[in-house]
Amino acid sequence: MSTVLVAEDDLAIRDLLTFLLDTSGHHVLACADGGSALDTARREHPDLAILDVSMPGINGIEVCRALRGTADTEQMPVLMLTSHGQWLDVSTGFAAGADDYLVKPFEPSELMARIETLLEQSGPDGPTAAC
């Protein structure tokens, strides 16, 4: 079982992500803003982070940069899940250190496939769940 951090300010999407991950056997750490997501990531060391770009306070791009700048979280896979789909938005996400970028609306099966791929790529030497 992997631990997945979900940072999404939209309650309906956060609940959907939690449901999808939970039913797939993952432990979910759900946050509604970037600041709490960053604190949770540093404290819990999840196996993967899913970040929305537009969140109150610290946005997902800034959270991703901060995760990449900290030794404990720099190797954690990050998937940006956002409605910002222009080429500059995608480029900015990858430049901040995201491993993958998916635009809303999304197909749940595609999201889960990308999550599983990122978790497989992080392998046994990747981050481990603190829970």
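Visitor: How do strand β1 and strand β3 pair?
Guide: Strand β1 (residues 3-7) and strand β3 (residues 48-51) run in the parallel sense, joined over 4 bridges. Strands pair if DSSP finds at least two bridges between them; strands (E, at least two residues) and helices (H or I, at least four) are DSSP runs numbered from the N terminus. This is a predicted model, where local features need pLDDT of at least 70 and side-chain atom pairs 80 or more, while totals for chains, interfaces and linings use all residues. Residues are numbered from 1 along each chain as its sequence is written, and side-chain values use heavy atoms, without hydrogens and water.

Visitor: Which residue is the bridge partner of leucine 5 in β3?
Guide: Alanine 49 is the bridge partner of leucine 5.

Visitor: And what is the strand order of the sheet?
Guide: The open sheet has 5 strands in the order β2-β1-β3-β4-β5, with parallel pairing. At its edges lie β2 (27-31) and β5 (100-103), each pairing on one side only.

Visitor: New topic: how many salt bridges are there?
Guide: The whole structure holds 6, counting a side-chain nitrogen of Lys or Arg within 4 Å of a carboxyl oxygen of Asp or Glu. In one of them, glutamate 8 meets lysine 104, with the closest N and O atoms 2.7 Å apart.

Visitor: Why does that pair tie together parts of the chain?
Guide: Glutamate 8 lies in the loop between β1 and α1 (11-23) and lysine 104 in the loop between β5 and α5 (108-122), so the parts they tie together are 96 residues apart in sequence.

Visitor: Is lysine 104 buried or exposed?
Guide: Lysine 104 is buried, at 16% relative accessible area (buried is under 20%, exposed over 50%, partly exposed in between, with a 1.4 Å probe and protein chains only). Lysine 104 also forms a salt bridge with aspartate 52, at 3.4 Å between the closest N and O atoms.
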